[in-house]
Protein chains: 2
Amino acid sequence: MPRAWHLMSRPQGLPTPDNFALKEFDPPPLGDGQLRVRNLWLSVDPYMRGRMNDVKSYVPPFQLGAPMDGGAVGEVVESKAEGFAPGDRVQHMAGWRDEAVVDARTANKLPELGAPPEQFLGVLGVTGLTAYFGLLDAASAKEGDVVFVSAAAGAVGSVVVQVAKAKGMTVIGSAGGADKCDYVRSLGADQVVDYKAGPILKGLAAAAPDGIDVYFDNVGGDHLDAAFALARQNARFAICGMIEGYNDATPMSFRFIMRVVAMRIRLKGFIVFDYFPRMAEFYGDMGPWLANGTVQSRETVVEGLDKTLDAFLGLFEGANTGKMLVRL
Amino acid sequence: MPRAWHLMSRPQGLPTPDNFALKEFDPPPLGDGQLRVRNLWLSVDPYMRGRMNDVKSYVPPFQLGAPMDGGAVGEVVESKAEGFAPGDRVQHMAGWRDEAVVDARTANKLPELGAPPEQFLGVLGVTGLTAYFGLLDAASAKEGDVVFVSAAAGAVGSVVVQVAKAKGMTVIGSAGGADKCDYVRSLGADQVVDYKAGPILKGLAAAAPDGIDVYFDNVGGDHLDAAFALARQNARFAICGMIEGYNDATPMSFRFIMRVVAMRIRLKGFIVFDYFPRMAEFYGDMGPWLANGTVQSRETVVEGLDKTLDAFLGLFEGANTGKMLVRL
């Protein structure tokens, strides 16, 4: 029997293990146009926290007592869909489980870019797409800009650093702790701020004495406020997520938001789904960058379906460097 | 001897009369290219509060012990500048005083739009320009949009309401108290929320059950948070000023700022100076609108140079409906 992680109760604040259960479930019969997939890799992502609340958002909430889902890569073991055969590797959205039945139209056969399959959950997947279009489209970042990236050792942030360097920008990344800061430096960041070593505002002011043109926000809170404080005229902020606010409803407080006016700051929220139609453009840059080493992929890998919840909870403790993945 | 209001000490929080003094000053001799102007109307504006702090911003701070300045309209009494003659009426930036010497290149002869001179400090001046380009450019508002305007009975807000209606938008305005709400309704607003009658979030949710496409922010704080809460997908916010934060350094707190991501909100700060090169475009719409009654000008007029400080302080108590002006 296949097994899947189920949401058993809605978390208040940080999720705890008793909100979840790993349970067997009846595999559905395979209908026309469907695939049975044995999952090889699962993705866990901060945005999933939002789906654990019963609120209307850009993705529907997880249902109580039902299997959760999310990004996954697997191998087709049975196909009733034209164009798919056993052995094909696909990326799909029925994660958090070891076996899935998926509609073929929601599954993407992995393109031949010479990359290992798990990269399609990371630097070649939604993570990379988020970094690429958030930086270049939502923030309109261009050569010569001074770019500040929060959570620069994280899945999205680490790709932002590398794309920004590939495009000729000056990059300041923030990360928590010496190891992560070393990693961000190894990606090519010009300056790294350890937000655990002191107030981020002070660190950013030292790293960017002349201010910043672009801020790629993954965390909200004090980082966003520091970016307001250091923004140059016509600065552009891409707001991708605010992990600091995912687990509680505490209001975020800003001392420097008024600088939006004086500095003519543009702030733009975005959702990666909106860029799916531009996937080819993304592959066109990212494929070669990976092949020639301009961009490097880094994953934190947790082993086994049983550890999926630990991997997810680890996201909120900064347990990952690069993309957090589960190998089955 | 001419008299001018001087800044004698920098205010902490809300300014008090002892921060200022109305004093005689030596009229400078008239140099080449200069005009001596007898002021007829003075403008007082919330942004002037910022200039009372000793901080770098988009306009330099007022100097201690020196006359303050700001928008004014006056009559040329002496000219050493080509193209200007006694009797000409000019708009210039040497306000807060009854007589001024100004460089002719910083003075604008009032164009012949058939409008009374004080309107060049309001609906035909910086106030109108702010409303017009903030709405149409910074917020990219277009026909059919649902537009929320805070401080809709104020100088800028009251023009935003009328421009939005002239361009075929649905308008929700907020104002404090029944009289101001009646005024906003009289300008053509489809819905008016009295922010003194209850939380603005509740009022806005009732007035815009399907949400808003555009928010024109004059106040920051709870109004901005309510706009985050009610924003529809791809909503656009023009951030013009945040009067709630002008007098203290208390951080502003937001419960709903995370909706920037889900709703792909774009927020843009702007400074009216950036639109000065597009003045002709503005006159082209606003001149006819005033002439045919599409847009109406309303001023709160205070009489006499001695009352200028009262007029300014009144801005922070909501004493004005429409533009606050001083007639000399």
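In what order do the 12 strands of the open sheet stand? The order is β10(A)-β9(A)-β8(A)-β11(A)-β12(A)-β14(A)-β14(B)-β12(B)-β11(B)-β8(B)-β9(B)-β10(B), with mixed pairing. Strands here are DSSP runs of E with at least two residues, helices are runs of H or I with at least four, and both are numbered from the N terminus. Two strands count as paired if DSSP finds at least two bridges between them.

Before I continue, a word on the source. This is a predicted model, in which local features need pLDDT of at least 70 and side-chain atom pairs count only at pLDDT 80 or more, while totals for chains, interfaces and linings use all residues. Residues are numbered from 1 along each chain as its sequence is written, and chains are lettered from A and ligands numbered from 1 in the order in which they are written.

To return to the sheet: β10 (191–194) of chain A and β10 (191–194) of chain B stand at its edges, each with a single partner strand, so one side of each lacks a neighbour in the sheet. Neighbouring strands are turned by 15° against each other on average, direction ignored; axes are lines fitted to C-alpha atoms, for helices over the stretch in contact, and angles between N-to-C directions run from 0 to 180 degrees. In chain B, β9 (residues 170–175) runs parallel to β10(B), joined by four bridges, and A175(B) has D194(B) as its bridge partner. Helix α3 (residues 155–166) of chain B lies across β8 (146–149), β9 and β11 (212–217) of that chain, at about 165° to β9(B).

I turn now to the contact between the chains. Chain B gives 28 residues and chain A gives 29, where contact requires C-beta atoms, placed from the backbone, within 7 Å. On the chain B side, β13 (252–254), α7 (259–262) and β14 (266–269) each supply at least two residues, and the largest share, four residues, comes from β14(B). Beyond the sheet, strand β13 (residues 252–254) of chain A pairs with β13(B) in the antiparallel sense over three bridges, and F254(A) stands opposite M252(B).

Methods
Contact = placed C-beta atoms within 7 Å.
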